[in-house]
Each structure stands twice: as C-alpha cells, then as structure tokens.
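Hello,

Here is the structure for your work. My notes follow below it.

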Amino acid sequence: MNIIFVLIPLSILFLIVAVIAFFWAIDSGQFDDLDSPAVRILDDDQE
Amino acid sequence: MTTVSQYQLRRLSVANLERESEGGHATAEAILSVEGIHCGRCAVSISKILKGISGVNDVLVNVPVSQVNVSWFPDIVGLDSMLQALDQNGYPAQTLASGGNTELAAQQRRTALKRLLVAGLGMMQVMTFAVALYLEPSSVSGMATEQFLRLVSLMVATPVVFYAGAPFFVNAWHSLKRRQLDMDVPVALAIGIAYTASVASTFLDGEHVYFDSATMFVFLLSVARYFDLNARNNAQARVQAALDVLPATCYRMVKDDAVEIPIQELKTGDVVLVKPGDTIPGDGVLVLGAGEVDESLITGESRPIAKNVGDQVVAGSINCTGVIRVRVESVDHDTVFAAIQRMAFSAQATKPRVGRIADTVAGFFVLGVLVVALTTGLVWFILDPDRMLSVVLSVLVITCPCALSLAVPTSLIAATSALARKGLLLTESNGLETLSKVNHFVLDKTGTLTKGIPRVCDIKVSPASGLNEKDCLSIAASLEKDSGHPYSLAFSDIKIQGAAAAQEIHPGLGILGEIKGKQFRVGTANFAGGSDDHVLCDGVPTHATPIFLGDGKELIARIDLVDDLRTGAQAFVQTLRRNDISVSLASGDHSGIAVSIGRQLGVETILSRQTPEDKLSYIKSLQDKGLTVAMVGDGINDAPILSQADIGITFRNGTNLAQACSAMIVLSESLDPAREAFLISKRTMGTIKANILWAIAYNVITVPLAVSGHIAPWVAAAGMSFSSMFIVANASRLAFER
C-alpha cells in the first residue's frame with residue numbers, strides 16, 4: 001500500500017498542471033465565445 | 001478603477017445642460033454597472049446607501065441587468081465618493097462605458113469559470129480520497145495512511161474553499177455588515193463549519209473529516225452562480241443591442257452634397273438625406289420628397305405611414321420608399337425613441353418585485369442554527385466538557401444548511417434546462433418564481449396572439465369585370481411585388497402571370513401599374529375604383545382588413561386579408577383559464593378585430609385602440625389591486641409595458657428592446673413554450689417547497705438526536721451528504737419530465 005504515498009502526490013501534481021493549463025486557456029479567451037466558432041465556416045471570407 | 005468615458009462625459013454634459021435651465025441647481029446623471037445585486041433587497045440597500053450621501057438626487061436600481069441609474073448635484077458631491085460608498089458595502093461599481101461593459105462582463109465570466117473549474121477538479125479529487133477514508137484505512141494499513149489521506153484532502157480542499165468559495169464569504173460578510181441575513185450567510189457558515197471542523201479533526205486526531213461535503217457544496221453552488229451570471233450578462237448584452245437601433249452614420253446635406261458623418265456629430269438643424277431602407281437618425285420634419293415610413297418601432301403600427309413635406313418623422317423609423325430629406329429637430333437623448341427607452345428602463349427599475357422564498361427562510365434558519373449550537377455547547381460544557389466538542393460538531397454538521405441552500409438553485413437550473421429544451425429562454429433568474437405567482441395575463445394582439453403576417457382569406461369579384469378570382473389575385477400580386485409593404489407578404493406565394501410596368505406607389509393610398517398594357521390599381525376603394533360607394537364595399541367580415549383592386553374608374557374585386565392566430569394561442573388561453581387566471585387582451589387595433597380575436601380565444605376582458613400609455617396605466621391599475629401581472633408582447637412599443645409587468649414574455653423575432661425588457665423569450669413561432677413555461681413554473685415551485693420542507697423536516701428529526709449526543713459526527717456528515725443528494729435528485733426530476 002506504500003505506493004499511494006508516491007501516486008497520490010503525483011496525481012496532485014497532474015491536478016496542478018491541469019488547473020494551470022485551464023487558467024491559461026481561459027485567460028487567452030478560449031472560453032469567451034463558445035457558439036460562434038462553430039458557424040464561422042459559414043461566414044464569407046474577408047480579405 | 002473608474003474611467004469616465006467620452007460617451008459618459010457627453011451624457012453628463014447633456015444632463016447638466018437640461019437640468020440647469022429648469023431649476024437653480026445643476027444635476028448630473030450616470031448609469032453604473034454594479035456587481036452583487038441579487039434581489040429586491042439588494043436594490044433597497046443600494047438606494048439606501050446612495051441616498052444616505054448628501055447631494056444625491058435620485059436613485060433607480062435595475063435588478064435584472066445589475067445597473068443603477070443615479071442623478072446627483074455635482075457641486076455638492078462627486079461620483080467618486082458614491083462609487084467608494086458602494087464598494088465599501090460590498091457592491092463594487094463602475095460607470096457604464098460606451099459600447100457596453102463587455103470587457104468587464106468577460107472578465108467576470110472568466111473569473112467565475114476559473115472558480116468553477118477549481119471547485120470541480122478539487123471536488124473530484126477530494127471525493128476519491130473520501131471514498132478511501134470511508135473504508136477506514138487505519139484498520140488495514142495503519143494510522144499513517146489515514147493521516148496522509150486527510151492531509152492531501154486538506155491540501156486540495158483549501159484552494160476550493162478559499163479561492164472558489166471566496167465570493168460566498170465576501171457576500172456573507174457584506175450582508176452581515178448591512179445587518180441582513182441573506183442566503184450567502186448560511187452558505188458561508190456551512191462551508192466554514194465543514195472546513196474548520198475538518199481541519200481541527202485532521203490535526204487533533206478527530207473522528208472524521210468533512211472535506212468532501214465542503215467541496216461538493218462549493219462546486220454545486222458555483223455551478224448555480226455561474227449560470228446566474230451568464231443569464232445576467234446576456235440580459236445586459238440585449239439591453240446594449242436595444243440601444244443600437246440607430247445607424248452608426250448618416251448623410252448630412254452640405255450645399256446639395258450628401259456627406260457621410262458619424263451619428264454623434266449630427267446636430268439640431270441639420271438636414272439629412274435618408275435613402276430607402278435606411279433608418280431615420282433623428283426626430284425632425286420632412287423637407288423634401290415623399291414616401292412611406294415604417295414607424296412600427298415607435299407606435300407598433302405595422303402599416304407604413306404616408307409622409308409628405310412638413311410631416312413629422314421620428315428617429316428609429318425606417319424609410320420604406322423614395323429618397324427623402326429631413327430637417328433634424330432633436331437628436332440623441334431628446335428623441336421619442338430615447339424617451340421610450342427611458343420609460344422602459346425606469347419601469348423595470350421601479351416595478352414591484354416578488355420576494356424570493358429562500359431569502360425569507362434563510363434568515364430565520366441561520367438564527368435558529370446558531371442559537372441551537374450555542375445552547376448545546378453551553379449545556380454540554382456543564383454536563384460533560386469532554387464530549388462538548390464532538391456533540392457541538394455533530395449539531396453544526398447536522399444543521400449545516402447545505403440542503404436548504406441547494407433547494408432553490410438546483411430546482412431552478414433543472415427547470416431552466418427543461419424550458420430551454422421546450423424552446424424558451426429564461427433571462428431573469430427569478431423569472432420562474434414570479435411566473436408561478438402570476439394571477440393575471442395581459443396579451444398583446446398583433447404579432448403575439450396572431451402571427452403578424454396577413455393572409456388572403458376571401459376574394460369577391462365584380463361580375464361586370466369579366467375576370468376570375470385567380471386573375472385578380474395574380475394582378476394584385478404583380479402590383480404588390482417589391483413594394484415592401486407588409487400587405488405584399490399576403491401575396492408572396494401567388495404565381496404572377498406578368499410583371500407590372502410603370503409602377504407607382506402612392507403613400508397611404510395604394511399602388512398603380514400597367515399589366516399587358518392595361519392600368520390597374522390596388523389599395524383603398526377610393527384609390528382603386530374612384531368611389532367607396534359600391535356593392536363590393538359592403539359586408540366586410542369584422543376580423544378582416546379589405547383591400548381593393550380596380551382600374552381607377554371601377555372596382556374589380558375586394559380581397560379580404562386576415563392575420564391568423566399563432567399556433568398554440570388557443571391552448572395557451574385555455575390553460576390559463578383552467579388555472580383560474582384572468583386574461584385580458586390589449587390591442588392597438590380597432591375594436592372589431594380585437595373583439596373577434598378575443599371572443600375566438602375566450603378572453604374575458606378585451607381592450608381595443610390602446611396606446612402604450614393606456615396599456616401601461618392598465619397594468620399599473622391591476623398591480624395596485626394586488627395582482628401579479630404577466631405581459632406577453634413583441635414590439636418596441638410594448639417594451640415599457642413588458643418592464644412594468646411583474647414578468648414580461650416576448651418572442652425571438654420580437655424587437656431587441658422588447659427582449660431586453662422581458663424575463664422570458666419564446667424561441668419558436670408557437671405560443672406552446674409560454675404555456676409549458678407556465679406549467680413548469682408551477683411544478684418548479686412545488687419542487688422547491690418540497691425541498692425546503694425536506695431540509696427542515698430532516699433537521700427537526702435529527703437535531704434533537706444530535707443535541708442529546710446520540711449522533712456521531714461521521715453519521716451527521718453522511719446524513720448531510722444524503723440529504724443534499726436527495727434534494728439534487730428531486731430537483732433534477734424537473735429536467736427530465738416530459
């Protein structure tokens with residue numbers, strides 16, 4: 001059972017990485033508009 | 001933090017000028033965007049805070065969009081001290097920048113999303129540790145494992161409680177400072193107790209930790225708050241869109257040349273050129289040209305109005321035919337359109353608000369919990385000081401108002417998602433609660449109970465003309481084609497035999513044109529046939545609007561147009577009547593059409609020829625009688641009425657301003673979603689009441705046991721989780737009901 005003393009801290013490390021990645025994604029505006037990118041392909045091109 | 005934008009400055013100076021000429025003191029006016037407005041009580045405390053400052057003249061709080069309209073005397077007080085006072089009392093405020101506060105809203109949304117994410121990921125992690133802890137690892141692999149699991153739970157739960165849960169603590173603190181007990185107080189108390197007890201347990205080798213309950217609770221409430229925030233931001237965006245009806249630029253005449261200028265530079269006295277299809281930029285007088293103007297924005301009249309030189313035109317109306325020139329007499333805040341907007345928003349800010357169940361219950365509940373916990377502690381301290389801590393802990397955990405605080409938001413989220421599936425968008429978080437209490441519905445006619453699109457229902461042809469019905473329809477269709485007139489919609493699917501040549505539109509009268517060398521006219525009886533004294537003019541059904549076809553000398557045919565009922569209108573009114581709700585129809589149309597539609601639907605009160613002011617005072621009179629009123633409408637002219645009603649319902653294809661003033665938007669062409677919303681609101685309130693009852697009953701049974709020391713803290717924790725889960729499950733039934 002001693003393996004959990006290694007695996008649990010490792011999982012928490014992953015958690016921290018995931019949170020940092022999400023914070024970065026949110027700050028760079030990736031979650032600001034979840035509706036229009038899906039229909040963007042239907043827009044006319046602008047030069 | 002506060003930047004007064006260029007737009008704001010202009011607003012301020014306009015307001016200053018206006019008032020200075022009226023009285024001695026100059027006043028300034030601004031719209032503030034304020035965070036932390038949740039309910040009617042917040043509105044009351046904000047106006048108390050602001051009115052407590054000397055020099056503040058008037059305060060209007062608009063709850064659904066979290067905005068405050070304030071006017072003050074700049075020589076006595078500055079805007080900064082007002083913002084400071086609001087900030088100190090837990091309502092951070094900013095002046096509304098031009099183009100809306102989209103940046104602020106986006107920032108709020110991002111922060112809320114981060115909090116939600118931390119809560120969600122943290123909760124999942126803590127749950128896995130909690131499962132291990134439930135299995136009592138100390139009996140398998142010794143105390144070290146158990147202590148380790150508790151420590152990592154603490155590590156993960158700490159950011160969840162203090163980062164994701166921060167808003168609850170801040171709100172609770174401010175509400176206590178204002179000497180109020182609103183829902184955030186028990187929430188903060190619950191999170192705080194569960195967390196503190198667990199930390200104590202971890203380091204003092206206590207019986208049990210409750211990190212799982214604390215994190216789950218923070219997560220579930222964060223989800224609810226996140227949806228609430230989104231609904232508010234959407235409402236704000238719609239308000240902003242409603243302000244943007246006027247074009248960005250217009251054409252000013254400079255010595256016979258039309259020069260394009262930004263609308264902000266438009267001044268009183270300018271002459272502007274308005275092309276067909278363009279929006280008129282300011283109120284004014286027509287000085288050159290003639291045409292038809294669509295004023296439906298202001299008056300709700302769907303027929304274009306004929307305008308000739310010297311006639312008044314209003315900003316926001318659309319020029320349908322021909323190039324016209326307008327001498328502008330008032331711009332910006334002085335226009336009729338701006339006045340309607342102000343009327344709509346002040347009606348929204350001042351309307352009576354139905355109190356929320358949860359807030360009323362919460363205050364008493366928290367007081368009760370604290371009193372019981374304190375008394376228990378005292379009694380046990382005298383009886384058996386050793387057991388005091390564990391008993392008080394049990395009592396606090398048992399009475400933890402998690403279940404109570406979850407009762408309302410989970411039910412509302414479930415109901416909102418059910419509504420979205422049925423085609424109805426909820427923009428005001430307490431819309432459902434209000435709708436369930438409505439006992440009088442006021443319905444608009446055109447575009448609400450009817451489709452707002454005319455249809456040919458009957459045609460009568462004069463035998464002398466030698467034409468048949470099909471020919472007559474085809475001729476009328478060719479003439480109406482491309483006229484842009486709403487009546488032309490009735491002919492849009494009729495096959496045309498030949499295109500009309502030399503077409504002329506006579507505003508307010510009709511259209512003439514040549515088909516295969518013969519001249520035809522379609523329009524009023526006088527215009528089409530030279531006289532309205534004809535056998536065809538008799539016997540027009542009350543629900544129809546007639547138009548005539550002729551050759552200028554003799555009438556050929558009469559075509560009756562009707563506006564069909566919206567699908568679901570009949571069922572909607574029937575459902576309301578079955579639930580003992582009174583219904584009235586308020587229409588701008590003449591009495592014949594209004595009465596015929598009203599009778600057909602079984603509406604009891606029918607009001608015809610109503611101006612927006614008439615409708616507004618009618619709704620106020622109903623509210624004065626103590627009724628909770630819902631209004632269903634779609635036009636800009638309906639906006640003040642939608643605001644004044646306790647709840648407004650409008651349509652997706654309704655105007656932006658109408659949508660900004662409504663708590664519910666029907667996304668389909670039919671009225672069925674509105675009927676469903678009414679039924680769901682009743683069911684939702686039932687569920688909420690059942691949930692609150694459950695939360696209270698659970699406490700009534702378990703608290704005496706806990707107080708007498710019969711419940712171990714871990715049983716209390718399990719019970720708390722179970723009762724929360726029961727409430728979440730009960731609420732989610734709403735989402736899956738058909």
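**Cores, a helix pair and the chain contact**

The largest nonpolar core has 118 residues. Those with the most contacts inside it are B:Ile191, B:Ala214, B:Val218 and B:Ala630. A nonpolar core here is a set of buried Ala, Val, Leu, Ile, Met, Phe, Trp, Tyr and Cys residues joined through C-beta atoms within 7 Å. Buried means 20 or more other C-beta atoms within 10 Å of the residue's own, with C-beta atoms placed from the backbone. A second, separate core has 28 residues, among them B:Val456 and B:Leu479.

This is a predicted model: local features need pLDDT of at least 70, side-chain atom pairs count only at pLDDT 80 or more, and totals for chains, interfaces and linings use all residues. Residues are numbered from 1 along each chain as its sequence is written, with chains lettered from A and ligands numbered from 1 in the order in which they are written.

Next, the chain contact. Chain B gives 14 residues and chain A gives 13 residues (contact: C-beta atoms, placed from the backbone, within 7 Å). On the side of chain B that touches chain A, α4 (102-134) and α6 (143-164) each supply at least two residues. Helices are DSSP runs of H or I, at least four residues, numbered from the N terminus. The largest share of that side, eight residues, comes from α4(B).

Last, a helix pair. Helix α19 (residues 569-578) and helix α24 (residues 672-707), both of chain B, pack at about 20 degrees, with axes 8 Å apart. Axes are lines fitted to C-alpha atoms over the stretch in contact, and angles run from 0 to 180 degrees between N-to-C directions. So α19(B) is roughly parallel to α24(B) (angles under 35 degrees). B:Phe572 of α19(B) and B:Phe678 of α24(B) are among the residues that make the contact.

Best wishes

Conventions
Parallel < 35°, antiparallel > 145°, perpendicular 65-115°, else oblique. Contact = placed C-beta atoms within 7 Å. Buried ≥ 20, exposed ≤ 12 C-beta atoms within 10 Å, placed from the backbone.
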